[in-house]
Amino acid sequence: MESLFITEKIKDLLPKIKSFVENELYPLETTDNLLHNFSFVEPILKEKRALVKQAGLWGLHLPIEDGGLGLTLCEFGQISEVLASSPFGHYVFNTQAPDIGNTELMHKYAPKHLKDQYLKPLMDGEIRSCFSMTEPEFAGSNPTRMGTTAVKDGDDYIINGHKWFTSSADGAAFAVVMAVTNPDAAPHKRASQIIVPLDTPGYKFIRNIPIMGHTGDSWASHAEVIYENVRVPQGNLIGMEGSGFLLAQERLGPGRIHHCMRFIGIAERSFDLMCRYAVAREMEEGVVLGEKQFIQGFIAESRAEIDAARLLVLRTAKNIDEKGAAAVRDEISMIKFFTANMMLRVIDRAIQTHGALGMTNDILLSYWYAHERAARIYDGADEVHKTALARGILKGYGLDTRKK
């Protein structure tokens, strides 16, 4: 934790959450629970969710009027780091992506009837949702290119399109779908966000996409889906028609704080595993692994990189709280690629320290190594964020690269 950003609201809260995660969730990190599909461990995680509610720790990210604590992004980011130390932390506390992003989006922009029908049960943990944006036919690095359309017909939209990496669609109650509603408008004003219940005729679940050899199911999955003449009321629109990209950016700003603090939590746990092994693993009689300079280098570099990333991310979160996401776009780009790469380096060092054990599924490291490589791709690939940051910097020196 970083004392510079601790507030009175979370000073006593963080140790309680840390204790719950360590005592209730760490013991669940068995080979069976990690290697099987999510539905294998889901029943016991639902029991843990009930314990979270009993402990008064449910919905911490929500506004006060919805039973939450009204935490700032900077405050919740620090909670997110603690939850991320276990693969099950965010799900058990109902702060998992993509639900947390959809919750924040709907709370701010959805009309009352959508909040009553979809947002309330989502906040209560009774249903799950998904976010349907990426398409296999178009580069995700240019979201203005999109083939999914929503055409008006009477009081309805008729949606047609092909999406993939619609994460957590398997078993979700509804999707927030990005679709082109205004094809003749400027590129960033063509798309809208529309709620589609997944029991609507014409919605087709194609498959859960295998990721690094693991297909997954339920919440821990990434689906390919098709919308074929899917008819939904125009009242299912979130925000204004044509505001889809604006809403996506508003969703992604805080979302990147959530992701980056999750990366830091994973890196911190990997660091802890590395250090524990370094002081316990005997290389020769009376000499442990931690006495070797190579390992000491791993530990020193990791400590510095984790601490630097945390300061960067929490500073950015605080600036978003105070100035809004649009004012700190460059900072948001910077933390995304810096923190994702930091996490992967720390995991890699921890695996190297554990040797052959690190490659097995007996400890968490190989699980994270496989599942978190995508961190450098989703929510904007490294190259996109680096380019955006460099352009912002160079513009301050009088060079506008966007016109070329």
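Helix H5 has 11 of its 11 residues buried, so the helix is largely enclosed by the rest of the structure. Buried here means under 20% relative accessible area, with exposed set at over 50% and partly exposed in between (1.4 Å probe, protein chains only). Helices are DSSP runs of H or I with at least four residues, strands are E runs of at least two, and both are numbered from the N terminus. This is a predicted model, in which local features need pLDDT of at least 70 and side-chain atom pairs count only at pLDDT 80 or more, while totals for chains, interfaces and linings use all residues. Residues are numbered from 1 along each chain as its sequence is written, and side-chain values use heavy atoms, leaving out hydrogens and water.

The buried set in H5 includes Phe76, Gly77, Ile79 and Ser80. What do the buried residues of H5 pack against? Their partners are helix H1 (8-11), helix H2 (13-25), helix H6 (89-92), helix H7 (99-109), helix H9 (244-280) and H10, with contact taken as heavy atoms within 4.5 Å.

As for H10, the axes of H5 (residues 73-83) and H10 (residues 293-323) come within 8 Å and cross at roughly 145°. Those axes are lines fitted to C-alpha atoms, for helices over the stretch in contact, and angles run from 0 to 180 degrees between N-to-C directions. On the H5 side, Leu73, Cys74, Gln78 and Glu81 make the contact, and they meet Arg310, Leu314, Ala317, Lys318, Ile320 and Asp321 of H10. Sorted by class, that comes to five nonpolar, one polar and four charged residues. Ala, Val, Leu, Ile, Met, Phe, Trp, Tyr, Cys and Pro count as nonpolar, Asp, Glu, Lys and Arg as charged, and the others, Gly among them, as polar.

Next, the voids. Searching the whole structure turns up two cavities of 30 Å³ or more. A cavity is a set of points on a 1 Å grid over the protein atoms alone where a 1.4 Å probe fits but cannot get out, and lining residues have an atom within 4 Å of a point. The largest cavity holds about 40 Å³ of space and is lined by His61, Asn94, Asp99, Ile100, Thr103, Leu122 and Met123. H7 gives the most to this lining, with three residues. The lining splits into three nonpolar, three polar and one charged.

The second largest cavity, at about 30 Å³, has Leu34, Leu35, Asn361, Ile363, Ser366 and Tyr367 around it. Its lining has four nonpolar, two polar and no charged residues.

Key
1 Å grid on protein atoms, 1.4 Å probe; cavity = no way out; pocket = protein on both sides within 12 Å on 5 of 7 lines; lining within 4 Å. Points joined across faces, edges and corners; volume = space filled by probe spheres on them.
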